[in-house]
Amino acid sequence: MHVGMTLPVMEPDLWTDGAATLEAWAGAIDEGPFASLCFGERMAFDNPETLTLLGAVAAWTQRVRIVTTVIVPQLHDPVMLAKALATGDQLSGGRLTVGFGVGGREEDYRAAGAPLSEQTMAGMASRVAVMKRVWAGEDVTGATLPVGPPPVQPGGPSLLVGTMGPKTIRSAAAWADGLAGVTLDLDVDAAAGLFDLARASWAEAGRGVPRLTTSFWFALDDGDGSARAQVHRHLRHYMNWIPAEFVDAMAPTTGFAGTPDQLAEVLRRFQDAGADEVHLIPTGSDVAQVERVASLIG
């Protein structure tokens, strides 16, 4: 099983040193034993714009795979999004994997001027279909030339669907190459059940074997309990659209908080459950977290 690391794009102090924190994290991930560097999208928030960040990360790294977890295609024009992602694939030398999701925040749709009626699996699938046609070199606009550049990877980047449940998995089996899952409470048995469903759904759709990834928030300490407080602070900032009392109620059991040895055991459990890759989501901006995890999995 591989391990990926997510950039701290949702941290409140991210911009204290301009782009220096992001560049330091990208370099540390690329130089470490990680399989992928991940980052996700929000609109009504102070995180970096995803497609701009993709270009920077492509320049800052040489080896690691770049994974968007996740982009909401309904917040973008599909032809422009296909062009931007193909450009990212070119700039990274074919290292791009794209995670797509419907998105659960109505405020992001409003911020992007996107109709809430499109906040559906069908709305996402229709845009993915357009993007695949663009990546295949079809003329979808009636222009003199097709929209380019062509992606490095034939047919376009590998596509993962962001999911926490079975309905999304069954719907996406027709177009996705795998899962970009997330587990809030580290329920390995539940993740294994979704993996089994994905394998069956992909087989039924004649799509072969899906790539199975999941993710969770994490913080490390030396047994003093400070990691749980860090996760709680992060959730209070990130989940700003949820009433604070609900966030406080879920914080004690959300994500991983503990020692490196305890994290290693959790990763082993997900490996035994059949995960191809786990993406760790940091709850702080200190790049020392990358180094501690690198020592653990290296």
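A salt bridge is a side-chain nitrogen of Lys or Arg within 4 Å of a carboxyl oxygen of Asp or Glu. The structure on screen holds eleven salt bridges. It is a predicted model, in which local features need pLDDT of at least 70 and side-chain atom pairs count only at pLDDT 80 or more, while totals for chains, interfaces and linings use all residues. Residues are numbered from 1 along each chain as its sequence is written, and side-chain values use heavy atoms, with hydrogens and water left out.

**Stop 1: salt bridges**

Select R110 and E106. Their side chains form a salt bridge, 3.7 Å from N to O. Both residues belong to helix α4 (residues 106-112), and because they are four residues apart there, about one helical turn separates them. Helices (H or I, at least four residues) and strands (E, at least two) are DSSP runs, numbered from the N terminus. R110 is exposed at 54% relative accessibility, and E106 is partly exposed at 43%. Here buried means under 20% relative accessible area, exposed means over 50%, and partly exposed lies in between (1.4 Å probe, protein chains only).

Next select R127 and E118, a salt bridge whose closest N and O atoms are 3.0 Å apart. R127 is buried, with a relative accessible area of 16%, whereas E118 is partly exposed at 24%.

Then select R133 and E138, which meet in a salt bridge of 2.8 Å, N to O. R133 is partly exposed at 39% relative accessibility, and E138 is partly exposed at 36%.

**Stop 2: helix α5**

Select residues 121-135, which make up helix α5. The helix has 15 residues and reaches 21 Å from its first C-alpha to its last, close to the 21 Å expected at 1.5 Å a residue. The expected span is 1.5 Å times one less than the number of residues.

Which residues of α5 are buried? They are M121, G123, M124, R127, V128, M131, V134 and W135. These residues lie on the same side of α5, because they cover an arc of only 155° around the axis. The arc is that of the directions from the helix axis to the C-beta atoms.

**Stop 3: helix α10**

Move to residues 260-272, helix α10, with 13 residues. From first C-alpha to last, α10 reaches 18 Å, close to the 18 Å expected at 1.5 Å a residue. Its buried residues are P260, L263, A264, V266, L267 and F270. They cover an arc of only 160° around the axis, so they sit on the same side of α10. Turn the view to the face away from the buried side, where the exposed residues D261 and D272 are found.

**Stop 4: the largest pocket**

Select T69, V70, R105, V182 and Y238. Of the 34 residues that line the largest pocket, these are the closest to its centre. The volume of this pocket is about 920 Å³. On a 1 Å grid over the protein atoms alone, a cavity is a set of points where a 1.4 Å probe fits but cannot get out, and a pocket is an open set with protein on both sides within 12 Å along at least five of seven lines; lining residues have an atom within 4 Å of a point. Grid points are joined across faces, edges and corners, and a volume is the space filled by probe spheres set on the points.

Which element gives the largest share of the pocket lining? That element is β9, with three residues. By class, the lining has 18 nonpolar, 14 polar and two charged residues. Ala, Val, Leu, Ile, Met, Phe, Trp, Tyr, Cys and Pro count as nonpolar, Asp, Glu, Lys and Arg as charged, and the others, Gly among them, as polar.

Stay with V70, which is in strand β3. The peptide bond from T69 to V70 is cis, with omega near 0°.

**Stop 5: the largest cavity**

The whole structure has one cavity of 30 Å³ or more. Select E41, R42, V72, L75, V102, G103, G104, R105, D108 and Y109, which line the largest cavity. About 50 Å³ of space lies inside. Its lining divides into four nonpolar, two polar and four charged residues.

**Stop 6: two loops**

Select G148 and P149. The peptide bond between them is cis, with omega near 10°, and P149 is in the loop between α5 and β5.

Finish at L186, in the loop between β6 and α7 (188-204). Its phi is near 60°, a positive value in a residue other than glycine. L186 is buried, at 13% relative accessible area.
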